[in-house]
Amino acid sequence: MHLPPHPTKKRSINIRKKRVIEDFQGGVVEEVSESQGGVVEELSDSQSDVVEYVSKSQVCLSEELTASQDYYRPGTITRQKRGTRSNMLNQTGKLNSEKIHRYLENIWLSFPEDKISSFTHLDPLWYNLYSDDSNREKVLNWIKKKDIFSRKYVFFPVVQWGHWSVMIFCHFGESLESKVKTPCILLLDSLEKADHSKQLEPLIRKFVLDIYMNLERTEDTILLRKMPFLVPKVPQQRDGEECGFFVLYYIKLFVESAPESFSISDGYPYFMKRDWFNSEGFDSFRKTLDTSDV
């Protein structure tokens with residue numbers, strides 16, 4: 001379907017992207033005004049899903065550049081209008097990257113120490129940054145600091161085409177030929193019918209290969225390219241707005257349920273099934289997120 005151009009709204013998106021990129025290079029981050037951000041969201045809501053995804057990609061890129069600088073170079077960043085972006089929940093009800101990160105940090109604090117010592121998570125802002133060649137090396141170096149090869153499980157929420165899913169890197173520190181602790185990539189997707197996994201798999205495999213190469217690992221690249229990429233049948237979202245909340249709930253339940261190790265030969269991972277959780281439990285979890293953000 002042909003969508004008529006909207007000069008005013010398109011101009012607002014371009015201004016937002018240009019300003020953040022310039023500020024990123026200069027080491028100063030300036031928040032975009034609420035009026036500009038509102039125009040971007042109005043555009044995505046009023047037109048088709050395709051336009052929504054394009055608009056959200058622009059927003060996400062801006063978030064990546066802004067928040068990654070703020071997170072890793074505190075003291076060198078000038079933040080203005082602090083409340084604008086931190087309170088940005090888009091008009092369709094979907095969570096943005098900063099909301100996902102904030103909620104995930106809160107959830108992480110609720111886990112017992114003996115659990116989280118085996119887990120870590122990556123900032124959801126990094127995936128789109130990695131997709132930009134000029135920032136790829138920075139992202140890989142940030143991941144190096146997370147020491148992911150000493151952890152059993154690594155969670156990485158990602159947003160692509162306006163939709164949230166979560167990657168889980170399992171047993172990356174083990175031998176690629178292990179039959180007991182199998183290195184593999186899980187993708188948990190609450191919108192399985194959209195078949196995102198087939199489109200994401202090549203990008204994710206390249207990302208994983210770059211992580212190994214950047215850390216100067218000695219694993220055989222042929223085996224690395226064959227690392228199992230698995231998409232469990234997990235509970236599915238009920239509408240077009242829940243994907244971010246499902247990602248957070250997947251992470252919470254995985255941390256609570258995951259064994260010390262698992263092998264895909266045993267039926268990966270056997271504790272995750274379509275009835276892994278029920279609607280009542282999910283709704284209760286979502287309410288706790290709402291109260292933690294007041």
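Biologist: What makes strand 4 and strand 5 a pair, and in which sense do they run, parallel or antiparallel?

Modeller: In this predicted model, strand 4, residues 184-188, is joined to strand 5 over two bridges. Two strands count as paired if there are at least two bridges between them, so strands 4 and 5 are a pair, and the sense is parallel. As for the residues, Ile185 has Phe229 in strand 5 as its bridge partner.

Biologist: What is the order of the strands in the sheet?

Modeller: The order is 1-2-3-4-5 in an open sheet of five strands, and the pairing is mixed.

Biologist: Why are strand 1 and strand 5 said to stand at the edges?

Modeller: Strand 1 (119-121) and strand 5 (229-230) each have a single partner strand, so one side of each has no neighbour in the sheet.

Biologist: Which strands does helix 5 touch?

Modeller: Helix 5, residues 97-109, packs on the sheet and touches strand 1, strand 2 (153-160) and strand 3 (163-170). The direction of helix 5 makes about 160 degrees with that of strand 1. Helix 11, residues 243-257, also packs on the sheet, touching strands 1, 2, 3 and 4. The direction of helix 11 makes about 20 degrees with that of strand 3.

Biologist: Why is Ser165 called buried?

Modeller: Ser165 lies in strand 3. Its relative accessibility is 3%. Buried means under 20%, so Ser165 counts as buried. Beyond four places in sequence, the contacts of Ser165 include Phe156, Leu187, Leu200 and Val247.

Biologist: How much of the protein is buried?

Modeller: Buried residues are 52% of the 294 residues.

Biologist: Which residues touch the most other members of the largest nonpolar core?

Modeller: They are Trp108, Phe155, Leu248, Phe254 and Trp276, in a core of 41 residues. At least two residues of this core come from each of helix 5, strand 2, strand 3, strand 4, helix 11 and helix 12 (279-292). Helix 11 gives the most, with 11 residues.

Biologist: What does Trp108 touch?

Modeller: Leaving out residues up to four places away in sequence, Trp108 touches Ile116, Phe119, Thr120, His121, Phe155, Ile251 and Val255. Contact means heavy atoms within 4.5 Å, so each of these residues has a heavy atom within 4.5 Å of one in Trp108.

Biologist: Which residues does the second core include?

Modeller: Tyr127, Leu187, Val208 and Leu209 are included in this separate core of 31 residues.

Key. Residues are numbered from 1 along each chain as its sequence is written. This is a predicted model: local features need pLDDT of at least 70, side-chain atom pairs count only at pLDDT 80 or more; totals for chains, interfaces and linings use all residues. Side-chain values use heavy atoms; hydrogens and water are left out. Helices (H or I, at least four residues) and strands (E, at least two) are DSSP runs, numbered from the N terminus. Axes are lines fitted to C-alpha atoms, for helices over the stretch in contact, and angles run from 0 to 180 degrees between N-to-C directions. Buried means under 20% relative accessible area, exposed over 50%, partly exposed in between (1.4 Å probe, protein chains only). A nonpolar core is a set of buried Ala, Val, Leu, Ile, Met, Phe, Trp, Tyr and Cys residues joined through side-chain atoms within 4.5 Å.
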